[in-house]
Amino acid sequence: LHDAFGLHVSRGLLDKVVQKAGRGLRPLWEELYRAVRSQARLHVDETGHPEAGRRLWNWVFRARDFTLFTIQPSRGSKVLARVLSPRFQGVLHADYFSAYRKYIGAYHVRAQFCLAHFVRDALFLKDLPDPVTQRYGARVVRRLRQLFRVLHKRERYVTPRTFQYALERARDRLRQTVLQAPERSAPRNLARRFHQHGADYLRFVTTPEVDPTNNLAEQALRFTVLNRRMTQGTRSPNG
């Protein structure tokens, strides 16, 4: 306000205005907090939120029509159990972080793990010095690209049925390639993960309107990450 308009406003006044607005919005926030539990699809992610030396976490729950933010003292699965409850019936979009796996396994929640993260893991294998691991990573990356090519060129298929057939065929080829890992630790780890959670990586193939990535949640968190980098977090709950 000073730089743009030459106005001098005390921080105390700004704090009071922000707190008043927060109190006014609280009922709406609580309504959305309850509404996330009934969503058919929900994109979830989290990022650090330091506050006067404390480690807090800014969680985002992005539904089709709204996005809910909540700052929590934990990055663990108990936040998911508290916000979503053990009875969440929708599809949870998330990365492969252990908190999501624990919540999904404990309450039998359907998930769509971010396929973009899986692509990065395959590219990592492709760049390792071991030639056997490199070739395996290259094969997996090629199959992933074929799968995304089908998704991105959906309009070229004459009917939805031919598109679905092509998508399922690309999925099956990817699954076969990933599971045929050589006797190396890094490829075997990737194959073991896919053996355990392959259905949660490829749920979008057979479930309508499910995205293969978690980009929507990551996009929703982007402005909070930028703010944190500029301010280094907050110094109090009011802050």
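Which helix gives the most to the lining of the second largest pocket? Some notes on that and a few other features follow.

1. This is a predicted model, where local features need pLDDT of at least 70, side-chain atom pairs count only at pLDDT 80 or more, and totals for chains, interfaces and linings use all residues. Residues are numbered from 1 along each chain as its sequence is written, and side-chain values use heavy atoms, with hydrogens and water left out.

2. To take the opening question: helix 7 (residues 160–179) gives the most, with four residues. Helices here are DSSP runs of H or I with at least four residues, strands are E runs of at least two, and both are numbered from the N terminus. The second largest pocket is lined by 15 residues, and Arg154, Phe163, Leu167, Phe204 and Glu209 lie nearest its centre.

3. A pocket is an open set of points on a 1 Å grid over the protein atoms alone, where a 1.4 Å probe fits, with protein on both sides within 12 Å along at least five of seven lines; lining residues have an atom within 4 Å of a point. For the largest pocket, 39 residues form the lining, with Ile71, Thr234, Pro237, Asn238 and Gly239 nearest its centre. Helix 2 contributes the largest share of that lining, 14 residues.

4. Alanine 116 sits in helix 5 (residues 115–126). It counts as partly exposed because its relative accessibility is 22%, between the limits for buried (under 20%) and exposed (over 50%), with a 1.4 Å probe and protein chains only. Its C-alpha atom is separated by 7.9 Å from that of asparagine 214, 98 residues apart along the chain.
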